[in-house]
Amino acid sequence: MKKLFDEICVVGLGFVGLTTALSFADKNYKVIGIDKDEKLVKSLENNKIPFFEPFLNKKLKSLKKKNFSINSQYKLQKNKKYLFFICVGTPLKKNLTYDISNLIKTVKLIEKKVSNDAYIFIKSTILPGTTKKIENLIKKKNIIICNNPEFLREGHAWKDFNYADKIVVGYEKKIVKEVTQIVYGKFKSKILFVNPETSELIKQLSNALLSTLISFSNNFAMLAEKFKGVDIKSAFDSIKLDGRFFGKPAQISSYIHPGFGFGGYCLPKDIAAISKFSEKYNQSSFFKSVIKINRDIFNMQLNKVLNSTKKNSFICFLGLSFKEDTDDIRFSQPLKFVNALIRRNYKNLILCDKLAFEKLKKIYEKKNIQVLKKPNYNSRTKYILCNKDRVFLRFLKKIPHKQIIDLKYTIDKK
Ligand SMILES: NC(=O)c1ccc[n+]([C@@H]2O[C@H](COP(=O)([O-])OP(=O)(O)OC[C@H]3O[C@@H](n4cnc5c(N)ncnc54)[C@H](O)[C@@H]3O)[C@@H](O)[C@H]2O)c1
């Protein structure tokens, strides 16, 4: 049988790309990782991953000795057939559409560099119609493109990729099906083949549902906050006992819980992009209310903090990354609270986060803000719970309720 590809090449080595590259290398494929960020490449060459993600460090060390190599240029061999996974960022532009310039640049560069057959799987998140649009830019007939959205969660990237519930591939040319079955054949996940527009939409559907569940929960929390005596935590706990929605384990339940709104790199930009996109079809009002509730809950919780503290209060934020189990502080809601207090001249802020410690120190120590790995107890301090890290929950168990502002509705009221 004709060999369809010789090596895998992953472009963009962030959360998605590095996980993708190491996972395929772990399955004994020869993998080349490419990133334009020379600092990142150097750091990976020295076995240092500049973000926290369980398992990746160990895998990087061992696989570099075997079948994983990294470079910042496209050092490809002319006689080889490559299978590319493009995992470059697709940030939001001011006009609320994705910036796909790096995606296009990458595809054009691949076209310039390869002479043999090549397959391009786009993993970056994009809107319906984008894969076709990019396909139209490719002139070489031996390059075949498809869409292969990624569903991993930061903090669980290795497990989510290697034991994925589904692999979605949006394709037009039959050969893509064969390539997919070979490359993903060593994983046990169910593969769903659809057309490119559908696979692009599946990714949007998935992220918009998560954002919606969060805004749904927060809308109820805002309503419940108006009635004295409603125990919001108990109410949401009761929902999670309903077996119709929650198998074992069913991690979706963590999205049906109020807090202070969704942040991070993906959910805010994806709901903004699908909302703008759907304006053209008169279908944006639902998405707009999800976004509005996300703004409203943040403002409600900020007011809660402002009303129970003073500018000279000692305030310790527990958890500053955008969610637990990650050091990613991009578009973090807890940091939005911190910055809002700094703008209001709050003097005594303390930031506590074990994983994001180094990143926070770089930004906040020069602003004279104390950054800690673990919380210390002080009877004058108010503790603001921003994530459900076990260390924080254990710490808060020992301190008086009046010192806690539980923005995640997590602490039992006794
Ligand atoms: N982070 C997540 O949880 C997650 C989950 C699923 C999907 N996604 C999507 O996957 C994509 C990547 O996300 P991420 O979180 O890994 O991003 P990231 O910002 O962590 O990494 C992207 C990497 O791409 C590199 N890059 C950008 N342009 C390049 C180019 N022209 N050539 C080579 N390298 C280039 C950057 O230097 C960076 O290291 C995005 O579209 C995102 O929406 C992210």
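Helix H1 (15-26) and helix H4 (101-113) each supply at least two residues of the shell around the ligand, where helices (H or I, at least four residues) and strands (E, at least two) are DSSP runs numbered from the N terminus. The model is a predicted one, in which local features need pLDDT of at least 70 and side-chain atom pairs count only at pLDDT 80 or more, while totals for chains, interfaces and linings use all residues. Residues are numbered from 1 along each chain as its sequence is written.

**Around the ligand**
- There are 28 residues around the ligand, and those that come nearest are Gly-12, Gly-14, Val-16, Asn-102 and Ser-124; a residue is near a molecule or strand if its C-beta atom, placed from the backbone, lies within 6 Å of it.
- Sorted by class, this shell holds eleven nonpolar, nine polar and eight charged residues, where Ala, Val, Leu, Ile, Met, Phe, Trp, Tyr, Cys and Pro count as nonpolar, Asp, Glu, Lys and Arg as charged, and the others, Gly among them, as polar.

**Two domains**
- The protein chain is divided into domain 1 (7-194) and domain 2 (203-406), with bounds that come from an automatic or database domain assignment.
- Their C-alpha centres lie 31 Å apart, and the contact between them takes 13 residues from domain 1 and 14 residues from domain 2, two residues being in contact if their C-beta atoms, placed from the backbone, lie within 7 Å.
- On the side of domain 1 that touches domain 2, nine residues are nonpolar, three are polar and one is charged.

**A helix pair**
- The axes of helix H10 (residues 267-279) and helix H11 (residues 285-307) come within 8 Å and cross at roughly 145°; axes are lines fitted to C-alpha atoms, for helices over the stretch in contact, and angles run from 0 to 180 degrees between N-to-C directions.
- In this contact, Ile-271, Ala-272, Ile-274, Ser-275 and Ser-278 of H10 meet Phe-287, Lys-288, Val-290 and Ile-291 of H11, and the residues divide into six nonpolar, two polar and one charged.

**A parallel sheet**
- Five strands form an open sheet in the order S11-S10-S9-S12-S13, with parallel pairing; two strands pair if DSSP finds at least two bridges between them.
- At the edges are strand S11 (370-372) and strand S13 (404-406), each of which pairs on one side only, and the twist averages 20° from one strand to the next.
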